[in-house]
Amino acid sequence: MKPIFLYVTCKDRDEALSIGKLLVEERLVACANVVENIDSVYWWNGEVHTEKEAILIMKSRQNLFTQINERISSVHSYDTPCIVAMPIDYVSDTYLSWLIKETKTL
């Protein structure tokens, strides 16, 4: 079982909280953290945009990524949401045990 760290940008705090709560309730992720009021600069439709966004940070299992990606995409307001997963190479044994216990197994 490989743990992952997920990074998702959302239009605002409410959307990030809503998606985070949904994924925790469905046991796709063990926890979700929201960082609000960030400044994002990016290309979209041939133009540079600067917007306020919120970051949704979550921890889960690598084998759940496909379901997580599909679930976020089904409820996210963006046409192309940023859904990034990174492997967690180092984690405390107690946290890893908790993460495994709180996410569903396939």
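This is a predicted model: local features need pLDDT of at least 70, side-chain atom pairs count only at pLDDT 80 or more; totals for chains, interfaces and linings use all residues.

Select Lys 101. It counts as exposed, with 61% relative accessibility (exposed means over 50% relative accessible area, buried under 20%, partly exposed in between; 1.4 Å probe, protein chains only). At 18% relative accessibility, Glu 102 is buried. Lys 101 and Glu 102 form a salt bridge, with their closest N and O atoms 3.2 Å apart (a salt bridge is a side-chain nitrogen of Lys or Arg within 4 Å of a carboxyl oxygen of Asp or Glu).

Residues are numbered from 1 along each chain as its sequence is written, and side-chain values use heavy atoms, with hydrogens and water left out.

Next, select Asp 39 and Lys 52. Their salt bridge has its closest N and O atoms 2.6 Å apart. The pair links distant parts of the chain, 13 residues apart: Asp 39 is in strand S2 (residues 31-44) and Lys 52 in strand S3 (residues 47-61). Helices (H or I, at least four residues) and strands (E, at least two) are DSSP runs, numbered from the N terminus. Asp 39 is exposed at 55%; Lys 52 is partly exposed at 45%.

Move to helix H1 (residues 13-25), which holds both Lys 21 and Glu 25, 4 residues apart, about one turn of the helix. They form a salt bridge, closest N and O atoms 3.8 Å apart.

How many salt bridges does a search of the whole structure find? It finds 7.
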